[in-house]
Amino acid sequence: MKQSKLLLQTLRETPKDADVISQQLMMRSGMIQKQAAGIYSYFPLALRSIRKFENIVREELEKDGCQEILMPNVQPAELWEESGRWTFYGKELLRFKDRKDTWFCLGPTHEEVVTDMVRRTVRSYKQLPMNVFQIQTKFRDEIRPRFGLMRGREFIMKDGYSFHVSDADADREYWVMFNAYKRIFARLGVKFRPVEADSGAIGGSFTHEFHVLAGSGEDGILSCDTCDYTSNIEKTEAPKLATQDHGVAFDLKRDHFCTPGILSQELQAAGMIDTEHPKGMPIAQTSKFFLYKVMFADQSTKLVGAVLRGDHEVNPVKVKNIAGATDIELFPIEEAEAFTAAKSGFMGPVGLKDVQIIVDLSLQGAVNLTCGANKTDYHHFGLSPERDLPGAAFADIRFAAEWDVCTRCAKGHYQAFRGIEVGQVFKLGTKYSKSMNCTFLDEQGKEQPMVMGCYGIGVTRTVAAAIEQNYDADGIIWPWPIAPFQIHLLSLDPANEEVSAVAHQVEKELEAAGFEVLHDEREGLSPGAKFKDADLLGFPLRIMVGAKGLKDGMIELRDRRTKAVDKVPPGQILELVQNAKNRMMKELESAGGR
RNA sequence: CGGGGCGUGGCUCAGCCUGGUAGAGCGCUCGGUUCGGGACCGAGAGGUCGGAGGUUCGAAUCCUCUCGCCCCGACCA
């Protein structure tokens, strides 16, 4: 492919509205252009990468018997009304009317359509299980699209759905897909982790997210350094810490400490001074308190108070799940202050009415704690949650932290990573099959709802994530399997006849051997400019043909990642390229996840 | 949706405070000299200054309204 004819404009300067690396590099390298917030055009280079990744996905899914289908982007409201999501899905669902005044939406996901397809086609247990997928453009009208392809409104996604006669069979398929995803991301050549995640209010079901590891990732991940336990920090089980020795329990001393005007936990602890604590309280002997308003599926609400050790962080997702709620928000500060009759910083769990109190596990059995007195500027001392908070539940509601002991193996410690969520496997159960009446006849001739699973991969996000993990100061460093081209061939003196002849010969030879070559034969550009462009585009291998090298009968091969250069006569370049490819593919095998 | 910021040739930005009829660098075209890490000289093309209204003899500049975009907080692949 001749670069002079490629639809491409590289930029020397970073467009000002690009703020993450992948977006900056994809815009500078002419791969994408923004059309509107979160909506991009893909140029040939980008599309080549996307297609390559899609094909990896296809190949691996087809190995497990998944069938590719294509569903409509524009979906009738009827189906969404049936599942109940027309009202529940919020504003991310872009809705509009056609000329006949009928409501439609742009598909943000396809559970409704696929369930409709299957219920109209599958009648018998003999036709199950069934696993179908599509690779298609999705639209979600995100409140705040950002980070280029990482969180667009329009994006390409692989979504797959499976249908089963039983829960057990859905579980079996879940792990089949889990392993298929591991193969897919391993082939991509990126570092990744399958991560246990919060399954939300759907309840009982388990789910894994697949994360590409990158410092810029939006999600926190904790991974045990000894066993396989890896989870989203929203979900990571926090170990119960040993109860600390706070001496012999005494009664609750009300309004014991006065730390006026001091809000932060550390300063408060330091300011809690009495004759026995002239230097203030240790922070682990203080407690902190948060009031949440939780909402349930039937739209009712309730107040929940969370009590934690002063040096721990509350995890609202855990609080929400323990309360059995579908949604949670911090009780607005003014309302909370009115409710407790104390300013922020001095609220506490003692004596509150109509509040469900949940105490973190690490405070179970603790005595002589401090807590807010529900009186501005004052704290109680001597709190014993089990004694002083009747009706309180004890549960794990704190964020696990790096170096906490793993709850699964009790040996290892958590290590922290940042991740970009690129895929998810999820057991749906019968949520859609029941509401949409997607049933089959079992061996007894009895009608049963199908058990469903769903499996997503953000295709465009994955390509962006691969860049987030593979770049340097000069540009992208593509992993071989999804590089737009594998080889960048630079004619440094294209007007020189010998250079041109050799370069075209090399191009032909490599292409004949099955390699993808972009030939930069543009005239009138200095070598330096071509080098800069080549580094920016970041194909794994670069071949340089110049008059200077040919004087000695040599052309050069350079590795984008290591910058190592080999010189050979043109006749040996094919062999050298083949060796380099083999080496890179071998290195990829060790780069993947576990 | 709340808070903050920005809209000026394809890209990055100056000019705005203190109104006087639009500028630089990069990119692009043509000619010439260069040619191994973003070369140089000369000549060009390209902008209703996001949009509408207002103030004024005169608005990129001041006022009002609007649209779009970006960043920080609750959703998600």
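Author: In this predicted model, chain A is divided into domain 1 (20-237 + 416-467), domain 2 (253-395) and domain 3 (485-591). The centres of domain 1 and domain 2, taken over C-alpha atoms, are separated by 39 Å.

Reader: Why are helices α1 and α12 called roughly perpendicular to each other?

Author: Helix α1 (residues 21-28) and helix α12 (residues 459-469) pack at an angle of about 100°, with their axes 8 Å apart. Angles of 65 to 115 degrees count as roughly perpendicular, and α1 and α12 are therefore described in that way.

Reader: What makes the contact between α1 and α12, and how do its residues divide by class?

Author: On the side of α1 the contact is made by I21, S22, L25 and M26, and on the side of α12 by A464, I467 and E468. These residues divide into five nonpolar, one polar and one charged.

Reader: What makes β16 and β20 edge strands of their sheet?

Author: The sheet is open and is formed by five strands in the order β16-β14-β15-β17-β20, with mixed pairing. Because β16 (327-330) and β20 (393-395) each have a single partner strand, one side of each is left without a neighbour in the sheet, and both stand at the edges. From one strand to the next, the twist averages 35°.

Reader: How do you know that β14 and β16 pair, and in which direction do they run?

Author: Pairing requires at least two bridges between the strands, and strand β14 (residues 287-295) is joined to β16 by four bridges, the two running antiparallel. Within this arrangement, Y292 stands opposite L330 in β16.

Reader: Which strands does helix α8 touch where it packs on the sheet?

Author: Helix α8 (residues 316-323) touches β14, β15 (301-309), β16, β17 (355-360) and β20, and its direction makes about 55° with that of β14.

Terms used
Residues numbered from 1 in each chain as written. Chains lettered and ligands numbered in written order. Predicted model: local features only at pLDDT ≥ 70, side-chain atom pairs only at ≥ 80, totals over all residues. Axes fitted to C-alpha atoms, helices over the stretch in contact; angles between N-to-C directions. Parallel < 35°, antiparallel > 145°, perpendicular 65-115°, else oblique. Contact = placed C-beta atoms within 7 Å. Nonpolar A, V, L, I, M, F, W, Y, C, P; charged D, E, K, R; others polar. Domains from an automatic or database assignment.
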